[in-house]
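This report describes a strand and a patch of surface charge. Please consult the sequence and the structure shown here before reading on.

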Amino acid sequence: MATLSDIGFAAAINILTAFAFFIAFAVLRLQPVNDRVYFPKWYIKGLRSSPIKTGGFASKFVNLDFRSYVRFLNWMPQALRMPEPELIDHAGLDSVVYLRIYLLGLKIFFPIACIAFTVMVPVNWTNSTLDQLKNLTFSDIDKLSISNIPTGSSRFWVHLCMAYFITFWTCFVLQREYKIVGSMRLQFLASEQRRPDQFTVLVRNIPPDPDESVSELVEHFFKVNHPDYYLSYQAVYNANKLSELVQKRKKLQNWLDYYQNKHSRNPSKRPTIKIGFLGCWGEEVDAIDHYMEKIEGLTRKICAEKETVMSSTKSLVPAAFVSFKRRWGAVVCSQTQQSRNPTEWLTEWAPEPRDIYWDNLALPYVQLTIRRLVIAVAFFFLTFFFMIPIAFVQTLANIEGIEKAVPFLKPLIEVKTVKSFIQGFLPGIALKIFLIVLPSILMLMSKFEGFISKSALERRCASRYYMFQFINVFLCSIIAGTALQQLNSFLNQSATEIPKTIGVSIPMKATFFITYIMVDGWAGVAGEILRLKPLIIYHLKNFFLVKTEKDREEAMDPGTIGFNTGEPQIQLYFILGLVYAAVSPILLPFILVFFGLAYVVYRHQIINVYNQEYESAGAFWPDVHRRVVIALIVSQLLLMGLLSTKRAARSTPLLFILPVLTIGFHKFCKGRYQPVFVRYPLQDAMVKDTLERTREPNLNLKPFLQNAYAHPVFKAADNLANEMVVEEPEPNRTPDLVATKRGSKRLLYSGSAETLT
């Protein structure tokens with residue numbers, strides 16, 4: 001059981017770690033050589049130029065203005081200075097709505113923390129229940145929890161009133177935020193510029209026809225059923241093999257760039273490689289010639305594969321992107337049933353082109369149910385087997401309890417400093433390490449399920465990650481930790497007393513979660529702003545691969561907000577805060593520090609670093625709302641069970657009302673606000689169409705939409721086809737003279753080309 005000194009020791013470590021990260025960030029971001037790492041968003045927008053190009057040699061790499069180091073924390077007020085409307089224009093609505101999750105946490109927990117420390121803490125502290133219990137492991141922090149209230153005490157009415165306040169206040173804030181975000185979404189959709197997805201729907205499960213191809217069938221169907229608004233269509237091809245070839249060529253091109261760059265630094269020596277297994281043995285050849293030959297051969301394969309895909313009807317997928325002349329027509333088509341058979345001609349809003357996950361468009365629609373069933377079973381086993389390392393982490397947090405049952409471990413951990421480190425810091429960092437690989441696994445599972453957009457993939461991954469966090473990190477930590485912590489009590493008491501011991505012990509897990517919040521929520525958030533991994537990778541690429549300014553731009557890795565990992569992690573703090581607010585309020589200050597610090601850090605990152613891959617106009621907010629409601633219901637049920645073990649018979653029945661009220665509140669919000677996030681109003685579509693036609697009466701959308709939903713790999717293949725050359729068999733050529741598809745001739749040198757007319 002972690003004591004107050006252990007928590008203090010852990011707090012000191014994490015505060016010093018976070019402060020060290022901030023100091024390192026403040027120094028590194030001022031260096032000109034790191035400018036593209038800490039301000040990539042401004043480079044992408046073309047609003048910032050490299051400071052390396054100006055000044056003397058030393059000033060290109062090191063900031064020599066010592067006055068700037070004095071104001072090393074000025075990035076905090078700068079991050080808060082940009083107003084919200086300007087931030088929406090700068091970063092998009094998704095990023096702004098994501099930040100509102102942190103504000104939601106501050107709005108919910110700050111008033112709760114004030115009342116809890118004013119009322120709850122004195123009520124819990126002024127008892128001596130824990131001192132009177134034998135064979136029970138506890139610390140001074142546990143005296144601030146509900147465990148210190150004697151069984152059957154009338155003081156439980158205070159906790160009941162606190163539960164009602166938490167419920168009503170949380171619901172009030174949730175309803176207000178739902179309304180605000182819904183209004184922001186409608187305003188954003190009404191004011192944004194013309195985009196292809198506003199006029200396009202995705203049609204799936206197109207029925208086969210023996211007399212017509214998919215392309216002909218789509219065109220005939222929509223000309224007949226949507227004669228006034230149908231404009232054009234874009235067929236969907238199974239281009240996964242072509243995509244693999246393009247990606248393979250890109251990797252080979254990176255190696256060619258690397259060896260050409262290496263050769264340019266030392267022209268007297270050409271680089272060589274071994275073409276055997278893993279480059280460890282085999283024939284030694286010229287690296288530049290080797291990769292140029294492989295790239296040329298692969299380019300030919302890419303062009304041939306593209307022709308095969310475009311000409312073969314077998315490559316056509318029973319799906320298509322259908323575009324309309326008006327937004328109104330797209331709205332009607334996306335929200336109505338197209339045929340008598342409800343499983344055919346399924347329509348939905350097309351994601352914006354950069355949001356599409358093209359690999360899954362080729363999946364047959366009938367496979368999706370089977371795939372999701374397989375992943376549901378796999379996720380169950382993944383969650384189950386992950387309980388083993390989670391239970392092991394709990395042993396680190398409950399050393400004193402295990403010492404009583406297993407005395408031979410006591411000499412190994414008796415040193416005070418070591419004990420404080422193990423109990424106050426190690427459990428949190430160990431759990432964090434176990435969870436590092438989980439998001440990648442869940443994303444692979446989401447892709448296998450067949451979702452067609454990156455936003456849907458991230459939302460699905462976030463849903464599974466949240467479920468995993470709730471089961472393993474929260475419930476398993478409480479159950480396993482309680483069993484290990486009170487192992488001696490379980491072994492030496494009658495079976496009728498075990499529920500009582502569990503009821504007293506569950507609030508004591510607050511100490512473990514405090515250490516986890518400090519490691520993940522304090523030091524982890526501070527480490528996010530340092531961007532150590534992107535910093536190292538950028539400089540490695542800059543040294544080995546970068547030759548041109550374009551290469552330097554591609555070496556930047558701005559990243560994204562990472563909704564699939566960030567939002568479930570935030571939801572864990574909502575669960576902890578709501579569950580322990582009426583049980584052990586000592587957690588609330590640590591959670592408030594996390595929400596405040598994370599809001600400032602991620603606002604800075606969104607302004608200067610992150611470059612969002614897509615824009616869904618805050619479509620994920622219903623998921624955020626639902627998970628907070630689930631956390632609220634869980635807190636009510638756990639408090640109900642806890643009070644039942646404390647024999648608070650008169651107050652417990654009144655808690656049954658709260659889950660019913662909360663579920664009713666959720667259904668009200670779902671019916672009132674959620675339609676804004678899943679459907680587009682016909683009224684708004686008509687208004688936007690009318691205004692557009694008034695301003696541009698001769699507007700022709702066909703050129704704008706013609707290639708908007710063409711597979712990006714086709715564009716890449718077209719570019720390669722224009723660059724591809726066909727060699728003429730001419731011996732003793734110096735340099736090589738080849739004919740291109742355009743009829744011109746090109747002189748090829750090592751790594752360069754010159755065209756002759």
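In which helix is the place of K248? K248 lies in helix α11.

## Basis of the model

This is a predicted model, in which local features need pLDDT of at least 70 and side-chain atom pairs count only at pLDDT 80 or more, while totals for chains, interfaces and linings use all residues. Residues are numbered from 1 along each chain as its sequence is written, and side-chain values use heavy atoms, with hydrogens and water left out.

## The positive patch

On the surface, K241, K248, K294 and K301 form a patch of positive charge.

Buried means under 20% relative accessible area, exposed over 50%, and partly exposed in between (1.4 Å probe, protein chains only).

Five of the five residues of strand β1 (residues 200-204) are buried, so β1 is largely enclosed by the rest of the structure. T200, L202 and R204 point one way, V201 and V203 the other.

Strands pair if DSSP finds at least two bridges between them. β1 pairs in the antiparallel sense with β5 (residues 316-324) over five bridges, where F321 is the bridge partner of L202. With β6 (residues 346-349), β1 forms an antiparallel pairing over four bridges, and V203 stands opposite T347.

How values were computed:
Helices (H or I, at least four residues) and strands (E, at least two) are DSSP runs, numbered from the N terminus. Patches are made of residues with over 30% relative accessible area and no salt bridge: like charges are joined within 9 Å, nonpolar side chains (Val, Leu, Ile, Met, Phe, Trp, Tyr) within 5 Å. Accessible areas come from the Shrake-Rupley method with a 1.4 Å probe; for residues, only the protein chains shown count as cover. A salt bridge is a side-chain nitrogen of Lys or Arg within 4 Å of a carboxyl oxygen of Asp or Glu. Lys and Arg count as positive and Asp and Glu as negative; His and the chain ends are not counted. The place of a charge is taken as NZ of Lys, CZ of Arg, CG of Asp or CD of Glu.
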